[in-house]
Amino acid sequence: MRGIPHTATRSPRRRSVAAGTALAAAAAFLLVVIAVGMEARSFEPGTSLPDPAISGLTVSERAATHPPDGQERFSGRPRVLYVYVGVRGLPAGEELSARVERSGRTSLLGALFGDEGIVVRRSGAPRLTGDGFSGVIRFEVRSPDGGPLPAGEYTVAVYREGKGEPSAVGRFAVGP
């Protein structure tokens, strides 16, 4: 019988250098992917009107009967913006719809769990005349909670009923 028990343990196992390098490379790649995904992309405010039935698109903070002069940059954070779409020769009974996307700075949690979105709805009765309708249709852009619109770059796309491609696209910026 021994007087002192043998309590020595084996030396700890060393991880291979290759496994540590692979783990560090994977972490660096993940950080690069996140950074590139959150980086602001090039953004050019302006309007594109590929459809001849759309004569104009303007964005304004003012609700008016006729389209006011539009803006491409809004320095503050308005609660509502109005998108005015001028139409010329729109077939009777054909509807227009609008979709808005926002890009720009967002928190990591916002990026992971999604923003609460932006609400777009038709505002007021369209002011149209004639068989091939001509006039102005107005849409409202709001945040879902009625608060100020989040800062960022916005793209509004107007679609004719039954068409997959946008008939008009407008880009504008909100906030500093």
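At 39% relative accessibility, P67 counts as partly exposed, a term used for residues between the buried class, under 20% relative accessible area, and the exposed class, over 50%, with a 1.4 Å probe and protein chains only. P67 sits in the loop between β2 and β3, and its contacts, leaving aside neighbours within four places in sequence, are T58, Y84 and V136, where contact means heavy atoms within 4.5 Å. The C-alpha atoms of P67 and G86 are separated by 8.5 Å, although these residues stand 19 residues apart along the chain.

The model is a predicted one, in which local features need pLDDT of at least 70 and side-chain atom pairs count only at pLDDT 80 or more, while totals for chains, interfaces and linings use all residues. Residues are numbered from 1 along each chain as its sequence is written, and side-chain values use heavy atoms, with hydrogens and water left out.

D69 counts as exposed, at 73% relative accessibility, and, leaving aside neighbours within four places in sequence, D69 is in contact with V59 and S60. Between the C-alpha atoms of D69 and V59, which are 10 residues apart along the chain, the separation is 8.0 Å.

The protein chain has two helices and 10 strands, taken as DSSP runs (H or I of at least four residues for helices, E of at least two for strands) and numbered from the N terminus. Along the sequence these elements follow the pattern α-β-β-β-β-β-α-β-β-β-β-β. Of the 176 residues of the protein chain, 30% count as buried. Among the contacts in the protein chain with a separation of 6 or more, 66% come from residues 24 or more positions apart. The accessible surface of the protein chain comes to about 11,800 Å², and 54% of this surface belongs to carbon and sulfur atoms; such areas come from the Shrake-Rupley method with a 1.4 Å probe, and for residues only the protein chains shown count as cover.

In soluble globular proteins, nonpolar side chains tend to be buried together. Here the largest nonpolar core has 23 residues, and those with the most contacts inside this core are L57, L81, V83, V85, L96 and F172; a nonpolar core is a set of buried Ala, Val, Leu, Ile, Met, Phe, Trp, Tyr and Cys residues joined through side-chain atoms within 4.5 Å. The elements that give two or more residues to this core are β2 (54-60), β4 (80-90), β5 (96-103), β8 (133-142), β9 and β10, and β4 gives the most, with five residues. V83 touches L57, T58, V59, I137, R138, F139, V141 and V156, not counting residues up to four places away in sequence.

Which aromatic pairs does F172 form with F74 and Y154? A search of the whole structure finds two aromatic pairs, a pair being rings of Phe, Tyr and Trp (its six-membered ring) with centres within 6.5 Å, called stacked if the planes are under 30 degrees apart, edge-to-face if over 60 and tilted for the rest. The rings of F74 and F172 have centres 6.0 Å apart and planes at 85°, so this pair is edge-to-face. The pair links distant parts of the chain, with F74 in strand β3 (residues 73-74) and F172 in strand β10 (residues 168-174), 98 residues apart. Y154 and F172 form a stacked pair, 5.3 Å centre to centre with 5° between the planes, and this pair joins strand β9 (residues 152-160), where Y154 lies, to strand β10, where F172 lies 18 residues away. F74, Y154 and F172 form one aromatic cluster. F74 and F172 are buried, and Y154 is buried as well, with a relative accessible area of 0%.

Polar side chains complete the picture. E140, in strand β8, is buried with a relative accessible area of 8%, and a polar contact of 2.8 Å joins the side chains of E140 and R142; a polar contact is a pair of N or O atoms within 3.5 Å, where, within protein, one must be able to donate a hydrogen and the other to accept it, and residues adjacent in sequence count only if both atoms are side-chain atoms. In strand β5, R102 is partly exposed, with a relative accessible area of 22%, and a polar atom of the R102 side chain lies 2.8 Å from the backbone oxygen of A151.
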